[in-house]
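Me: I would like to learn how to read a sheet and a core. Please take them in turn.

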Amino acid sequence: QVQLQESGPGLVKPSQTLFLTCTVSGGSIAVNPYYWAWVRQPPGKAREWVGHIGYAGNTNYRPSLKSRTSISRDTAKNQFSLQLSSVTPEDTAVYYCTRGNFGTSDVHLYDDWGPGIQVTVSS
């Protein structure tokens, strides 16, 4: 019964760095053979995969975002985080952390989701 909870600032200025943290309970991000992903949903659009980190610490990112995306983890706190630099209003979205059995860009293959957090990029 894993639970995920996103946290972080809901408002980010353009050109700055978005930073979000996912706190996980009920499952270890390091021991269990799962993948931990960030997914976002812009207003009026479908959910889109941002990137993920595997239980061993391996990462993969959406190609269009790779140059400015970093996903890291803190195994002691059982948390993983998203950093997205040089944000623009196009990065405005509800951001979710999620877990799945596979490292994939297909958001439909992730099963356990946090409630999401609204992040707005605006001056």
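Reply: Start with terms: strands are DSSP runs of E with at least two residues, numbered from the N terminus, and two strands pair if DSSP finds at least two bridges between them. This is a predicted model, where local features need pLDDT of at least 70, side-chain atom pairs count only at pLDDT 80 or more, and totals for chains, interfaces and linings use all residues. Residues are numbered from 1 along each chain as its sequence is written, and side-chain values use heavy atoms, with hydrogens and water left out.

Me: What is the order of the four strands in the open sheet?

Reply: The order is β1-β3-β8-β7, and the pairing is antiparallel. β1 (3–7) and β7 (69–74) each have a single partner strand, so one side of each lacks a neighbour in the sheet.

Me: How many bridges join β7 and β8?

Reply: Six bridges join β7 to β8 (residues 79–84) in the antiparallel sense.

Me: Which residues have the most contacts inside the largest nonpolar core?

Reply: In soluble globular proteins, nonpolar side chains tend to be buried together. A nonpolar core is a set of buried Ala, Val, Leu, Ile, Met, Phe, Trp, Tyr and Cys residues joined through side-chain atoms within 4.5 Å; buried means under 20% relative accessible area (1.4 Å probe, protein chains only). Here the largest core has 25 residues, and L18, W38, F80 and Y95 have the most contacts inside it. β3 gives the largest share, four residues. A second, separate core of five residues includes A37, W49, V107 and Y110.

Notes:
Buried means under 20% relative accessible area, exposed over 50%, partly exposed in between (1.4 Å probe, protein chains only).
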